[in-house]
Amino acid sequence: MSTEVDAVVIGSGAFGASTAYHLARLGQSVALLDRFALGSQTSPRAAGLTQQIRAKPDMTRIAMLSVEKIRRFAEETGQPLVYHEGGSTKMARTAEDAAQIRAEVAAGQELGLAIDHIDEADLARLAPYARPVGVEAMWFTASDLYLQPAQLPIGYARAAQALGAATRPFAPVTAIERRNGSVIGVVAGGERIHAPVVVDAAGAWARLVAAEAGLRIAIQPVRHQLMVTAPIPGVADGQAICRVIDVNVYVRPDGGGLLLGGYEPDPLAVSPGDLPVGFQVADLPLDPGVVGRLAESVAEIFPAIPAAPVRELRGGLPTMTADDRPLVGPVPGLDGFYAITGCCVGGLSASPGLGQLLAEQIVHGTPSLPLDGLAVDRFGPELDDDGAVRAAGLWAYSHHYAVAG
Ligand SMILES: Cc1cc2nc3c(=O)[nH]c(=O)nc-3n(C[C@H](O)[C@H](O)[C@H](O)COP(=O)(O)OP(=O)(O)OC[C@H]3O[C@@H](n4cnc5c(N)ncnc54)[C@H](O)[C@@H]3O)c2cc1C
């Protein structure tokens with residue numbers, strides 16, 4: 001590999017691989033580095049859902065761009081990506097949540113998103129595995145989809161490679177080299193790579209990588225888990241995704257069974273700096289009790305789940321921010337150093353758009369959709385303290401569907 005490139009990307013998950021691919025497409029020479037196998041950490045463990053309506057128009061537009069890019073992923077990158085276009089629904093069981101449903105329908109329609117209210121008969125057709133017991137209001141977004149999570153980061157990494165990018169698994173970045181306030185490269189796997197641009201896309205480790213450069217990024221890794229049941233009669237891929245706001249639970253078909261995950265009220269915060277040397281996401285201890293309790297909380301709506309045998313339990317370490325929105329852009333304090341992190345458990349589906357926009361910002365100075373609202377330094381001094389970042393991140397996690405960042 002050349003020891004001099006235009007840009008080094010640290011981390012080959014969805015965020016890093018997408019950024020590397022889009023930089024390569026803009027003519028940059030790129031090195032995509034990972035401390036483990038390419039695309040092997042949190043990204044392949046995701047549920048793979050998209051939800052285009054968000055609390056603010058900037059993220060809704062980025063999510064809409066991302067869905068468009070997922071649909072033409074194979075055409076754009078030449079790599080396979082399996083996805084199912086059954087749409088998604090969100091359910092409100094309280095008056096407050098019903099007001100959120102109405103507000104999201106209005107906001108989405110204003111941005112040209114095909115989102116609308118549905119009733120019980122619609123739900124029976126779109127998601128026959130669900131019963132709207134106790135549900136006061138629901139919306140449906142026809143263009144939401146779910147995808148095969150492992151294919152996305154590896155697809156972008158291979159597509160970047162096809163455009164000339166060097167990909168280097170098992171090459172942990174151990175130093176960020178600086179001169180006169182600018183980044184000048186990294187040391188990875190004992191080798192020095194010179195670059196005027198370095199992108200921190202290190203997922204749960206992104207704060208440690210930034211700290212190596214003397215910088216601070218306000219994110220908190222949190223364990224997030226899901227389970228997949230054995231096949232259930234009548235369940236088929238292509239049926240709609242369902243979400244229940246008050247308990248922050250999502251359900252979708254998966255290979256004839258149902259996949260259920262969610263945002264528990266008492267999540268586990270993880271500090272990668274405290275983990276054993278060589279720890280990777282596969283070593284993360286999982287707790288079936290968490291998903292079991294989430295399943296019980298929606299048992300009236302998804303009655304087949306509690307009785308069905310569990311085929312798979314998986315989990316990973318997404319990174320939370322105080323406002324439930326990602327951090328994307330230059331990191332103040334070191335010219336040429338950028339971050340794409342704070343995925344807030346939505347990074348897989350947003351990575352096509354965010355990676356493209358960050359690459360445009362790096363190469364052209366201005367992205368084709370604004371990233372200002374995701375600026376890395378948008379938080380005030382109240383989040384200068386790691387304890388405050390943890391508390392705010394955990395709050396955002398356990399209120400995810402209400403915050404809808
Ligand atoms: C159970 C579960 C369900 C989810 N469901 C969804 C969903 O439905 N929709 C959605 O959009 N998102 C979902 N997510 C979130 C999604 O998985 C994340 O947003 C996304 O994977 C974040 O990607 P990433 O690139 O930041 O992290 P990762 O995939 O973890 O990639 C980071 C990479 O950086 C590498 N790295 C770290 N340190 C270094 C270093 N020093 N040198 C070199 N490399 C380094 C790591 O090895 C790793 O490969 C879910 C997550 C989980 C766990």
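Two strands pair if DSSP finds at least two bridges between them. The model is predicted: local features need pLDDT of at least 70, side-chain atom pairs count only at pLDDT 80 or more, and totals for chains, interfaces and linings use all residues. Residues are numbered from 1 along each chain as its sequence is written. Helices (H or I, at least four residues) and strands (E, at least two) are DSSP runs, numbered from the N terminus.

- Six strands in the order 8-2-1-12-21-20 form an open sheet with mixed pairing.
- Strand 8 (166-168) and strand 20 (327-330) are the edge strands, each pairing on one side only.
- From one strand to the next, the twist averages 15 degrees.
- Helix 1 packs on this sheet and touches strand 1, strand 2, strand 12 (197-200) and strand 21 (337-341).
- The direction of helix 1 makes about 170 degrees with that of strand 2; axes are lines fitted to C-alpha atoms, for helices over the stretch in contact, and angles run from 0 to 180 degrees between N-to-C directions.

- Strand 16 (residues 249-254) is mostly covered, with six of its six residues buried (20 or more other C-beta atoms within 10 Å of the residue's own; exposed means 12 or fewer, partly exposed in between, with C-beta atoms placed from the backbone).
- In a regular strand the side chains alternate between the two faces of the sheet.
- V249, V251 and P253 point one way from strand 16, while Y250, R252 and D254 point the other way.
- Strand 15 (residues 241-244) pairs with strand 16 in the antiparallel sense over three bridges, and V244 stands opposite V249.
- The hairpin of strand 15 and strand 16 has four residues between the strands, and N248 in the turn has a positive phi of about 55 degrees.
- Strand 16 also pairs with strand 17 (residues 257-262), in the antiparallel sense and over six bridges; G261 in strand 17 is the bridge partner of Y250.
- The hairpin of strand 16 and strand 17 has two residues between the strands, and G255 takes a positive phi near 55 degrees there.

**Helix 2 against helix 9**

- Helix 2 (residues 57-71) and helix 9 (residues 347-364) pack at an angle of about 100 degrees, their axes 7 Å apart.
- The two helices are therefore roughly perpendicular (65 to 115 degrees; under 35 counts as roughly parallel, over 145 as roughly antiparallel and the rest as oblique).
- I62, A63, L65, S66, K69 and I70 of helix 2 meet S349, A350, P352, G353, L354 and L357 of helix 9; contact requires C-beta atoms, placed from the backbone, within 7 Å.
- By class, this contact has eight nonpolar, three polar and one charged residues (Ala, Val, Leu, Ile, Met, Phe, Trp, Tyr, Cys and Pro are nonpolar, Asp, Glu, Lys and Arg charged, and the others, Gly among them, polar).

**Ligand shell**

- The ligand is surrounded by 43 residues, the closest being G11, G13, G203, G316 and G347; a residue is counted if its C-beta atom, placed from the backbone, lies within 6 Å.
- Helix 1 (14-25), strand 14 (224-229), strand 18 (310-316) and helix 9 each supply at least two residues of the shell.
- The shell has 20 nonpolar, 19 polar and four charged residues.

Conventions: Two residues are in contact if their C-beta atoms, placed from the backbone, lie within 7 Å.
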